[in-house]
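Keep the 3D view open as you read.

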Amino acid sequence: MEGSVDQYAVVGHPVAHSLSPFIHSLFARQTGQSLSYRLMDVPPERFTEQVYEFFATGGRGLNVTLPHKTRALTIAHELTERARLAGAVNTLAARRDGSLLGDNTDGAGLVQDLTANLGVPVRGRSILLIGAGGAARGVMAPLLALGPQRIVISNRTAERAMALAVVFAGLGAVEGCGFGELGAQPFDLIVNATSASLTGELPGVPATVFGPQTLCYDMAYGRADTPFVRWARTLGCREAVPGWGMLVEQAAESFRLWRGVRPLTAPVLAALTGRPSAGG
Ligand code: NAP
């Protein structure tokens, strides 16, 4: 791409709903960085070709979203350890020698929101992670690094939860199970990493896992409270929050990788949650 302004984009399919251009334009303004950031709607069969073309014509960095996060893992020339553990790439960065670095900032985004923004203690606490897809896998290593007492991964398809538990067993106390095998004991922290909220559904975990001290976090977000957030509140949990903070924090981590400066996230979070409309 011609021009003196560094080029960035988010690549997905579909991607029109993405808030990344809005978020990164606020980061750029706040930090005085001159850059452009656009949407790239690319179907899976054209992903590799379009990404290489983007970087060959001067692109500096890409955010990668569904359905390309796994494919992006294979086209990066080098991976950060957290991307390797996540098994997915959500950020690509061009390096001076022209090679591509693949990173995954989703887990760091969740951890930053939980610990720095929400003040949720994780060390020594019991965590229920609902879901066993890409987002669940991406947050496992960063959560385990905080030293929880244990993480139980529970998924609609129990086998996927058990397989994910095996992957991370070496990093801490991890178990995998189906929804029906969850006991009556409430957890300290419940993270909903399923996409159920996107279709207005609830994951079928028993209400007994929610206690009065339980903090509930839904990775999904929207203009209105998500079904999971609403449900958790009706069950009397301590607090239930949607994933806006994770969204902004993972973006800030990408921005830092590209530009060497981490923007302040609070003003962007405030701008987003005050917006009249917002998507997934
Ligand atoms: P994914 O790889 O497609 O995995 C989807 C997961 O949701 C699977 O575990 C699936 O269970 C489960 N699921 C889907 N519908 C369900 C239902 N009706 N009941 C119970 N479980 C259901 O998706 P993903 O990439 O992990 O994303 C998951 C969620 O995280 C999405 O809502 C996404 O928007 C969100 N996310 C948010 C951020 C953020 O920054 N806030 C970042 C990344 C992801 P099965 O295995 O049984 O199919």
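## The ligand and its surroundings

The largest pocket is the space taken by the ligand. Here a pocket is an open set of points, on a 1 Å grid over the protein atoms alone, where a 1.4 Å probe fits, with protein on both sides within 12 Å along at least five of seven lines. A molecule sits in a pocket if more than half of its atoms lie within 2 Å of its grid points.

This is a predicted model: local features need pLDDT of at least 70, side-chain atom pairs count only at pLDDT 80 or more, and totals for chains, interfaces and linings use all residues. Residues are numbered from 1 along each chain as its sequence is written, and side-chain values use heavy atoms, with hydrogens and water left out.

Which residues are closest to the ligand? Among the 24 residues that surround the ligand, these are Ala135, Asn155, Thr157, Arg160 and Met219 (a heavy atom within 4 Å counts as near). This shell divides into 12 nonpolar, 8 polar and 4 charged residues. Helix 6 (134-144) and helix 9 (244-259) each give the shell at least two residues; helices are DSSP runs of H or I with at least four residues. Domain 1 (6-104 + 245-273) and domain 2 (107-242) each contribute at least three, with bounds from an automatic or database domain assignment.

Three polar contacts (pairs of N or O atoms within 3.5 Å) are listed here:

| Residue | Protein atom | Ligand atom | Distance |
|---|---|---|---|
| Gly134 | backbone N or O | oxygen | 3.0 Å |
| Ser195 | polar backbone atom | oxygen | 3.1 Å |
| Glu201 | polar side-chain atom | nitrogen | 3.4 Å |

On its own, the ligand has 930 Å² of accessible area, and the protein covers 83% of that (Shrake-Rupley method, 1.4 Å probe).

Now for the peptide bonds. Most peptide bonds are trans. The bond from His13 to Pro14, however, is cis, with omega near 0 degrees, and Pro14 is in the loop between strand 1 (6-12) and helix 1 (20-31). Strands are DSSP runs of E with at least two residues. The bond from Leu66 to Pro67 is also cis, with omega near 5 degrees.

Technical notes:
Polar contact = N/O pair within 3.5 Å; in protein donor to acceptor, adjacent residues only side chain to side chain. 1 Å grid on protein atoms, 1.4 Å probe; cavity = no way out; pocket = protein on both sides within 12 Å on 5 of 7 lines; lining within 4 Å. Nonpolar A, V, L, I, M, F, W, Y, C, P; charged D, E, K, R; others polar.
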